[in-house]
Amino acid sequence: MPYRVWLLLLTLAAIAASAIAPYDRRDWTLEHIPTGLGIAFLVWYELRPGGRPLGNGHYTLTFLFLQLHIVGAHFLYSRVPYDAWSDALLGVRPSEWLGATRNHYDRVVHFLFGVLALPPLSELVRRHVAPGRGWNLVVAVAAIGLCSKVYELAEWLIAVALSPEQAEAYNGQQGDMFDAQKDMGLAFLGSLLASAAVATWRHRQRVRGAATPSAPPSA
């Protein structure tokens with residue numbers, strides 16, 4: 001099977017495993033609505049008439065982000081026990097080392113959303129929206145900012161319909177009134193860093209291609 005099919009099967013298996021005794025079944029379901037929509041879009045994008053799949057690297061980045069999201073949905077983002085895992089494996093608790101007073105798993109995932117989503121999204125933009133050199137990165141960064149804002153607005157609207165305790169668990173603010181702004185800012189920062197890396201890589205590819213001598217014409 002193609003590499004991307006293996007990644008899809010592994011992702012579906014991880015979602016199924018995370019459905020076993022999640023911390024909060026309602027939160028797990030809400031978190032995986034965008035997961036299902038995203039997977040459905042990627043499958044449709046490849047299977048549509050004349051469809052051309054993304055590269056394996058793009059699918060790998062998407063896979064990595066989905067695994068982080070699946071873990072957060074299972075434990076609740078504000079309760080992912082990364083300190084206990086790190087202590088068991090390395091004998092170090094990141095929160096104590098950094099002097100953190102809250103669980104920062106959600107912050108890390110928002111930042112990595114910007115980093116991991118930028119390359120595949122910029123490729124989609126390059127193909128269908130802004131093929132011009134550089135503009136696809138600008139549009140992709142703006143799209144990530146928009147996605148982050150829509151996600152935070154959706155969290156707010158859902159929280160309004162929940163009890164205060166359920167809203168706090170779902171939003172994971174942990175007492176920080178600027179939680180949404182920080183999450184959006186980290187996603188934006190991650191996308192800027194990723195766009196700089198992608199632009200550098202593309203420039204080096206162009207320079208390398210220009211430096212490669214063309215084959216002599218055949219007799």
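By class, ten nonpolar, two polar and two charged residues line the second largest pocket. Here Ala, Val, Leu, Ile, Met, Phe, Trp, Tyr, Cys and Pro count as nonpolar, Asp, Glu, Lys and Arg as charged, and the others, Gly among them, as polar. The model is predicted: local features need pLDDT of at least 70, side-chain atom pairs count only at pLDDT 80 or more, and totals for chains, interfaces and linings use all residues. Residues are numbered from 1 along each chain as its sequence is written, and side-chain values use heavy atoms, without hydrogens and water.

The second largest pocket holds about 260 Å³ of space. Of its 14 lining residues, Arg4, Leu8, Leu42, Val43 and Tyr59 lie nearest the centre. α1 (3–18), α2 and α3 each supply at least two residues of this lining.

The largest pocket has a volume of about 1300 Å³. Its lining has 42 residues, and Pro34, Gly38, Phe65, Phe113 and Cys147 are the closest to its centre. Two or more lining residues come from each of α2 (25–47), α3 (56–75), α6 (105–128), α7 (135–160) and α8 (164–171). α2 gives the most, with eleven residues. By class, this lining has 28 nonpolar, nine polar and five charged residues.

Helix α2 also contains histidine 32. Is this histidine buried or exposed? Histidine 32 is buried, because its relative accessible area is 9%, and buried means under 20% (1.4 Å probe, protein chains only). Leaving out residues up to four places away in sequence, histidine 32 touches Ile15, Ser18, His69, Ile70 and Ala73; contact means heavy atoms within 4.5 Å.

Key:
On a 1 Å grid over the protein atoms alone, a cavity is a set of points where a 1.4 Å probe fits but cannot get out, and a pocket is an open set with protein on both sides within 12 Å along at least five of seven lines; lining residues have an atom within 4 Å of a point. Grid points are joined across faces, edges and corners, and a volume is the space filled by probe spheres set on the points. Helices (H or I, at least four residues) and strands (E, at least two) are DSSP runs, numbered from the N terminus. Buried means under 20% relative accessible area, exposed over 50%, partly exposed in between (1.4 Å probe, protein chains only).
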